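The sequence and the model come next, and the explanation follows them.

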Amino acid sequence: MKQRYTITAIAENKPGVLYRIADLLLRRKINIESLTVSEIEHKGMSRFTIVVDAERDLVEKIGKQLYRIIEMTKVIESTDDELVPREIALIKVTAKTKEKREEIEQLVRLSKGRIIHIDKNYLVAEITGDEKEIDKLDELLQPFGIKEIVRSGRIAVFK
C-alpha cells in the first residue's frame, strides 16, 4: 500500500548529487512530491528532504541505493508520525475593497499566518505550518480569487 514517506539524505555539497538522486527516483518511476535542499550544521554538507508516495519496500530499496552515491553519508526513511514537518507558503489574493481586505486579514490571522504585502488590488499572505494547515488557508482564500501561490516544500526534524 502506498504511503507518504519522507526520505532525509545527508550528502556532501557537490555538483551532481541532486541529479543522481533524481535519476535514481526516475528509474524507479517514483514521483517526487516535494524536494528541499539546504546546507546543514556541518560545513560542506547538505540535507535533501524528499517526499514521495510509494510502497514501503520500494522506499527501503531506494534508501539502500542512495548509499551508492559516493557523496552520500546518511539516509533515513520516515513516515509523517516520526517527524515535525513544516512548509512555508506565500499566497497572493485579490482584494480590491476594504471589506475584502479585512475579511482576508481575519482569515489569515485565524490561520496563524500574516499579511506581508499590501497593494491596492491584492494582499500577500504568508503561512508556515504543516501541509494540512496550508491547504486549509488555501481553501479559505479560494473564494476571494488566488492570483498566485508558492509553497516551499517540506522541511522536517525528527521527533
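A patch, as the word is used here, is made of residues with over 30% relative accessible area and no salt bridge, where like charges are joined within 9 Å and nonpolar side chains (Val, Leu, Ile, Met, Phe, Trp, Tyr) within 5 Å. A salt bridge is a side-chain nitrogen of Lys or Arg within 4 Å of a carboxyl oxygen of Asp or Glu. Lys and Arg count as positive and Asp and Glu as negative, while His and the chain ends are not counted, and a charge is placed at NZ of Lys, CZ of Arg, CG of Asp or CD of Glu. This is a predicted model, in which local features need pLDDT of at least 70 and side-chain atom pairs count only at pLDDT 80 or more, whereas totals for chains, interfaces and linings use all residues. Residues are numbered from 1 along each chain as its sequence is written, and side-chain values use heavy atoms, with hydrogens and water left out.

On the surface, Arg 28, Lys 61, Lys 64 and Arg 68 gather in a patch of positive charge. One of these residues, Arg 28, has its place in the loop between H1 and strand E2 (32-39), helices (H or I, at least four residues) and strands (E, at least two) being DSSP runs numbered from the N terminus. Arg 28 counts as partly exposed because its relative accessibility is 31%, given that buried means under 20% relative accessible area, exposed over 50%, and partly exposed in between (1.4 Å probe, protein chains only).

A nonpolar patch on the surface is formed by Leu 18, Leu 35 and Val 37, which together have about 210 Å² of accessible area, a quantity that comes from the Shrake-Rupley method with a 1.4 Å probe, and for residues only the protein chains shown count as cover. Leu 18 is found in helix H1 (residues 17-27), and at 39% relative accessibility Leu 18 counts as partly exposed.

Ser 78, in strand E4 (residues 72-79), counts as buried, because its relative accessibility is 2%. Leaving aside residues up to four places away in sequence, Ser 78 touches Arg 4, Tyr 5, Thr 6, Leu 83 and Phe 158, where contact means heavy atoms within 4.5 Å.

As for the whole, the protein has four helices and nine strands, which follow the pattern β-α-β-β-α-β-β-α-β-β-α-β-β along the sequence. Of its 159 residues, 39% count as buried.
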